Amino acid sequence: MKAVTAIDQFEESYDLVVVGAGPAGLSAAARAAELGIGVLLVDENPAPGGQIYRAITTTPVGDREVLGADYWRGAEIVARFERAQAGYAARCTLWSIGPDETAAEGEAFEIGLSLDGRARLIGARQLILTTGAQERPFPIPGWTLPGVMTAGAAQIALKSAAIVPAGRTVLAGCGPLLYLLAGQLAAAGAEIVAVLDTTPRGNWLKAAGALPNFLRSPYLAKGLRLMAKARRSLRFVGGVTGLAAEGEGRLASARVARGDAAEIIACDTLLLHQGVIPSVNLSNAAGCAHDFDEAQHCWVPRLDNWFGSSVPGIAIAGDGAGIGGAESAALRGEIAALGAVRRLGQIDLAEGDRQAAPLRSELERALRGRRFLDLLYKPAPQFLAPPQDETIICRCEEVTAGQVRDTATRLGVTGPNQMKAFLRCGMGPCQGRLCGPTVVELIAQANGTTPAEVGYYRLRPPVKPVTLAELAALQQTEAAVKAVVR
Amino acid sequence: MFRSMRDAGGGTRLSFTFDGRPLSGREGDTVAASLLANGIAICRETPVSGAPRAPYCLMGVCFDCLVVIDGVGNRQGCLVPLREGMRIETQHGRRQAEEVLG
């Protein structure tokens, strides 16, 4: 690994640029570098690992039991990357992907990077986007109050800074991460007063058909262990059908509904989780086609069997290719790397197939049982499209569910891009990351259509903030200057 | 609000200020984590209604941890490592023209 720590240390162009240093990105960069390709891995975090192996090389958590054996497996993935001859830029933001108009022929891109307040445009012949997943928005009344966070945020705080919520903590939602975090926080000494489970009871029946594969999958033992551990020691409240965060200026309590029964739980921290979905902002802005995946209930990029997207030269691996978990992310990263190396002409198709074959069978094993989890933890409709009109759904522009519903119905708005023009939802700094899925859901519900028919935001670079000063200081080509100066 | 785990390693301490208040944080932590560890409940007020906000996702997605760092606004506290002597301030709503001119 060759660390790149200043913007002027980047080469003019790389054969392959990988975006995101989670298991997929680390594995992709390592594999390609091992095959002799000039690789750059950029990541906006201070250290490698992504979210699942967050701070794996720097965590101050001494007791290995707290984070569990699965977390520490990340160390080997980072170690392999460090042995490989790839460039690595931490704290580096990629804010644009465009075609390289100066390239003579073939696949070539111009990418915008920012590091320590300075921006630069460099070239890339192939791109692998491994930007992973984000937590699915879980809009409930009061979710913008200080004291309410995502479960993932608490896990990141634990892994990277060895800090845990002080005072009474409530976890709410469903999905494997919620139960894992409950166990981790309890082991780290947090005071968990309740785990509110929103898994719809009807989901068990829907998921039953996928049970046989789950029983043969590596998820089973892990999942059962997590559940048993959390349930043994914590107050588990199942069948939660409604949830609100309450307080003046900061969180004071969680109001919980289970059918007709209501309960108020006083708490200092409320951690929300409703599963994870692919981060699509970068791939969407790069022009890659996406489809709505019904089982995972989210947008996923359209990919071929080398994880190549609809834009030739851009591959998408890891959870950004559809949620599959850490093990599958690393395998997908390696397969995508083989695809990119093949496109660069370093290996032929037969050699790519030969090297990919064992990875593909491992991947199949790793993903077996995924469908059961997708169906079981599919969020209840009221947590995808909040029924209370006053619930904020766009945290940046403070747009409510009622406004979106009303605008969809009265003005006949059929898609999120039109909604943006009327309400500004998706136009704040998060660029729709925290409202997109909910806006789509609300429009679909109001118009009696489906998320697939409604579509998603059309995103544009810059996909991450970059200052005007940085853009103004970019080196301009003669052609670019001629295009605007008369 | 957050607190340190009991068995967490010490590490080097860094001094910084939040709205002028002298505080200390652990080297290697981000700005957002340092604020949480110091019991700071609110880091910004929204440009639309002025409502108080705190870090929400800690992974660069939500932009609720925006703060002013050494005079530069709209910094994502969860992505910026804490440095010795940093001057961190609450971001109050949208920026006013006179701040820029001043």
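Modeller: Helices are DSSP runs of H or I with at least four residues, strands are DSSP runs of E with at least two, and both are numbered from the N terminus. The model discussed here is predicted: local features need pLDDT of at least 70, side-chain atom pairs count only at pLDDT 80 or more, and totals for chains, interfaces and linings use all residues. Residues are numbered from 1 along each chain as its sequence is written, while chains are lettered from A and ligands numbered from 1 in the order in which they are written.

Colleague: Where is A:Glu398 placed, and why does A:Glu398 count as partly exposed?

Modeller: A:Glu398 lies in the loop between strand S22 (392-394) and strand S23 (399-400) of chain A. A residue is buried if 20 or more other C-beta atoms, placed from the backbone, lie within 10 Å of its own, exposed if 12 or fewer do, and partly exposed in between. A:Glu398 has 18 C-beta neighbours inside 10 Å and therefore counts as partly exposed. Its phi is positive, about 55°, although A:Glu398 is not a glycine.

Colleague: Why is A:Asp116 called exposed?

Modeller: A:Asp116 has 9 other C-beta atoms within 10 Å, so the term exposed applies. This residue is in the loop between strand S6 (109-115) and S7 of chain A. A:Asp116 also has a positive phi, near 50°, and is a residue other than glycine.

Colleague: What makes the peptide bond from A:Pro461 to A:Pro462 cis?

Modeller: Omega of that bond is near 0°. A:Pro462 is found in the loop between helix H18 (451-454) and helix H19 (468-472) of chain A. As background, most residues other than glycine have a negative phi, and most peptide bonds are trans.

Colleague: How do you know that the radius of gyration of chain A agrees with a compact globule?

Modeller: The radius of gyration is taken over C-alpha atoms, and the globule rule is 2.2 Å times the number of residues to the power 0.38. For 486 residues the rule gives a value near 23 Å; chain A has 23 Å, which agrees. The C-alpha atoms of chain A fill a box of roughly 70 × 55 × 40 Å along the principal axes, and 55% of its residues count as buried. For chain B, with 102 residues, the rule gives a value near 13 Å and the model has 14 Å, which also agrees. In chain B, 43% of the residues count as buried.

Colleague: What makes S2 of chain A mostly covered?

Modeller: Six of the seven residues of strand S2 (residues 13-19) of chain A are buried.

Colleague: How do you know that S2(A) and strand S7 of chain A pair?

Modeller: Two strands pair if DSSP finds at least two bridges between them. S2(A) and strand S7 (residues 118-129) of chain A have six bridges and pair in the parallel sense; A:Val19 stands opposite A:Leu129 in S7(A). S2(A) and strand S3 (residues 39-42) of chain A have four bridges, again in the parallel sense, with A:Val17 opposite A:Leu40 in S3(A).

Colleague: Why are strand S9 and strand S13 of chain A called edge strands?

Modeller: Five strands form an open sheet in the order S9-S17-S11-S12-S13 (chain A), and the pairing is parallel. Strand S9 (148-150) and strand S13 (236-237) of chain A each pair on one side only. Three bridges join S9(A) to strand S17 (residues 269-274) of chain A.

Colleague: How many residues does the contact take from chain A and from chain B?

Modeller: Two residues are in contact if their C-beta atoms, placed from the backbone, lie within 7 Å. The contact takes 41 residues from chain A and 39 residues from chain B. On chain B, strand S1 (2-4), helix H1 (31-37) and strand S5 (52-53) each supply at least two residues of the side that touches chain A.

Colleague: How do strand S10 of chain A and S1(B) run?

Modeller: Strand S10 (residues 163-165) of chain A and S1(B) run antiparallel and are joined by three bridges. The bridge partner of A:Ile163 in S1(B) is B:Ser4.
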